[in-house]
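Hi there,

Here is the structure I promised to pass on. Please have a look, and my notes follow below.

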Amino acid sequence: MGKRDASPPLGRWRIAVRGIVQGVGFRPFVYNAARARGLSGWVANEADTVQIEVQGEPAALDDFLKTLESTPPPRARIDAIHREAVAVVENARASFEICASTAHSAPGPAIPADLATCEACLAEIESARERRHRYPFTNCTNCGPRWSIIQGLPYDRPRTSMARFEMCPDCRAEYSDPADRRFHAQPIACPRCGPRLRLLDALGAELADGDAALRQCAEAIRAGRIAALKGLGGFQLVVDALDESAVARLRDRKRRPDRPFALMMASLDDVRRCCHVSSAEANLLAAPEAPILLLRRRDDGPGVAPAVAPGNPYLGVMLPYTPLHHLLMAAVARPVVCTSGNLSEEPMATATQDALARLGSIADVFLTHNRPIVRPVDDSVGWVDDDGLRLVRRARGFAPLPVALARPGPTVLAVGGHLKNTVALALEHHAVLSAHVGDLESPASREVHQRAVEDLVGFFQATPERVACDLHPDYASTRLAESLAAAWNVPLIRVQHHHAHVAACMAEHGLDGAVLGLAWDGTGYGADGTVWGGEALVCEGTGFTRLAHPRTFRLPGGDRAVREPRRSALGVLFEIDPDTARRHAAAWFTPAELDTLLSMLRQGSSSPLTSSLGRLFDAVAALCGLAPVISFEGQAAMALEFAVDPQHQEAYPLPLDESGSPVGPRVADWRPLVEAVLADRAAGVSVGRIAARFHNALAELALAIARGAGISRVVLGGGCFQNRLLAARARTRLSEAGFNVYNPRGVPPGDGGIALGQVWLARQN
Ligand code: ZN
Ligand code: ZN
Ligand code: FE
């Protein structure tokens with residue numbers, strides 16, 4: 001090679017990595033990968049991108065890039081890597097450096113979600129030799145709080161609720177050491193410098209602090225008392241799940257008579273003793289997202305108190321996901337009920353004073369601490385089928401991870417619907433969904449909703465160009481959207497509820513062109529002003545055509561029917577024959593009540609017409625004697641689902657008639673079905689068989705509608721598809737017939753997904 005240098009010429013690359021790359025140990029990973037290969041340069045956070053420059057020998061650069069692509073940190077998610085060659089820097093320093101975050105541009109949407117405690121941190125907590133032995137706020141770059149403590153971006157400690165805790169010398173040394181697992185772990189803490197536990201009585205007087213607080217709280221739970229626990233994203237109510245009277249007391253005080261409670265269990269082995277757990281389910285329970293999973297109970301399992309989930313073949317179970325939960329579960333040494341810290345449907349408490357004020361009449365003791373919760377993040381809930389996880393409530397572990405959209409577009413804010421509300425913001429090629437906000441029934445929950453909107457817009461420094469809301473004129477969310485659109489002087493786009501259900505699934509799966517959407521649901525405001533809920537919509541672009549719906553019937557008393565399935569049953573029977581209605585309904589109402597309701601039906605007063613499939617479920621459940629009056633929406637449908645004897649494959653008749661007009665939607669006539677239910681009841685046919693025939697009839701209806709529509713892609717959305725049996729049977733019938741079936745998966749099928757459908761449609765407007 002003559003006089004030329006023996007080593008190959010140096011190269012220098014500028015690399016931009018986009019995705020979930022902050023708060024997941026990405027910069028330390030880059031640092032170590034570069035140093036190991038003798039590369040010089042730097043790495044820095046910038047908005048949702050990590051910027052890197054590396055210089056060195058070509059083979060080392062190639063190897064570095066391969067490592068970046070193939071073995072990123074476990075919690076990172078790389079969406080794109082952009083690389084370009086740049087001029088070699090002569091006399092470059094030999095070292096590789098981590099630069100301070102310098103970005104001043106608006107943050108992009110890739111913010112990490114809260115992560116369950118990792119194995120390494122758990123081992124430290126359990127080891128008496130470690131300085132973090134039994135420390136409930138232990139975390140590292142692979143685990144710990146994120147979205148629940150981040151106030152702003154870039155993600156650095158001063159912009160988290162850990163800012164008030166000054167690191168001790170030991171923590172600072174770990175934080176500054178590139179070889180350490182806690183290098184740049186923003187929520188780093190230890191017993192000397194970090195947050196501290198306190199146990200309070202219901203009046204706020206301190207009973208104990210530190211480890212004694214935890215042990216005393218565990219004793220109280222073991223003694224059957226109710227504890228309020230300041231968890232990761234809000235307060236939780238905890239009670240011994242084996243103690244029937246304690247669980248019943250919690251139900252009574254929380255004013256939640258029937259709705260199932262979630263459980264926390266110390267280990268997978270404990271879960272397996274109570275429930276059937278597949279390997280996919282086991283992996284998800286133990287994953288960093290650590291959701292509540294709905295698992296089938298074992299008949300031979302140990303006795304969880306019946307009051308935990310009355311009449312329900314599933315148990316909602318999660319594993320501990322913070323050191324605090326791990327330590328508490330070990331000390332309690334039995335399964336506990338672990339449910340959101342709220343009264344009835346109100347918002348979850350996040351601050352100690354608020355918790356004392358609102359939960360003081362429910363909890364006996366309060367286990368709290370001094371690390372503030374920046375925003376409420378409830379536990380996520382889902383179930384696993386053949387294709388993996390399906391979320392029914394999307395919050396901790398998932399919010400604010402963006403949902404990728406097929407193309408970029410304008411910035412749109414969507415305020416969601418009314419029940420199970422979430423808020424969404426579309427930014428560039430992503431939509432960010434808030435954590436589950438809940439039902440907007442009370443002034444307190446409407447305030448939380450407004451804060452969730454302001455938080456999302458403020459956090460991402462977004463300037464919405466459009467606002468989207470439901471078509472319902474009287475929703476609190478609609479009124480908020482109207483005032484925001486006026487204040488910002490941007491267009492307001494009103495999206496029909498069931499169109500939004502279908503669109504949410506289209507957005508999630510990136511579907512373009514025409515699809516047949518079956519939005520089978522409770523209730524939503526229809527384009528014609530009636531109450532919709534069993535809609536077959538052909539959706540394309542920003543528009544939809546209503547292809548079919550169940551025959552309409554009147555709901556005596558309107559919204560009151562949601563809590564009284566017997567009213568839906570009366571409305572359905574009245575459509576068939578008023579005398580039949582009077583005869584059957586005599587068991588449900590006093591003669592005076594029945595007279596009033598029948599006269600309302602005759603005159604059509606306070607009795608809106610509906611095509612809701614959810615209300616048809618209610619009606620059939622009531623006809624089966626299952627749930628004439630309920631305490632939460634969907635309770636009667638759940639009872640009917642759980643009653644099904646799955647060996648029965650035959651279906652009730654549910655013919656799809658042509659409507660009178662040549663252009664109007666087709667009508668599914670349920671009258672022969674209801675008559676068959678009455679005949680079966682009279683003949684003493686089992687409720688299990690009746691329930692099976694009803695579910696099968698709906699699966700056949702889905703197929704008949706799809707065949708008539710002649711569109712190969714079918715989207716199944718709406719709250720009815722939280723019914724696992726209905727979802728599975730409809731999917732099977734359609735798939736077997738050659739249709740491509742799409743279900744919501746990462747976004748709830750019910751009203752928790754509405755906001756995503758709203759932004760997706762409003763963008764195309
Ligand atoms: Zn960790
Ligand atoms: Zn420390
Ligand atoms: Fe809905």
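**The zinc sites**

The zinc ion (ligand 1) has a tetrahedral arrangement because its 4 donor atoms subtend angles of 101 to 118°. Four donors count as tetrahedral if all angles lie between 85 and 135 degrees, and donors are N, O and S atoms within 2.8 Å of the metal (3.2 Å for Na, K and Ca), with water not among the atoms, so sites may look incomplete. For tetrahedral donors the ideal angle is 109.5 degrees.

Before going further: this is a predicted model, where local features need pLDDT of at least 70, side-chain atom pairs count only at pLDDT 80 or more, and totals for chains, interfaces and linings use all residues. Residues are numbered from 1 along each chain as its sequence is written, chains are lettered from A and ligands numbered from 1 in the order in which they are written, and side-chain values use heavy atoms, leaving out hydrogens and water.

Back at ligand 1, the SG atoms of Cys118, Cys121, Cys140 and Cys143 lie 2.3 Å from the zinc ion. Their spacing along the chain is C-x2-C-x18-C-x2-C. Cys121 counts as buried (under 20% relative accessible area; exposed is over 50%, partly exposed in between, with a 1.4 Å probe and protein chains only), because its relative accessibility is 0%. Cys143 is also buried, at 0%.

The zinc ion (ligand 2) is held by SG atoms of Cys168, Cys171, Cys190 and Cys193, at 2.2 to 2.4 Å. This site is tetrahedral too, with angles of 104 to 116°, and its donors follow the spacing C-x2-C-x18-C-x2-C. Both Cys171 and Cys190 are buried.

Best wishes

Technical notes: Tetrahedral: all angles 85-135°; square planar, octahedral: opposite > 155°, others 65-115°.
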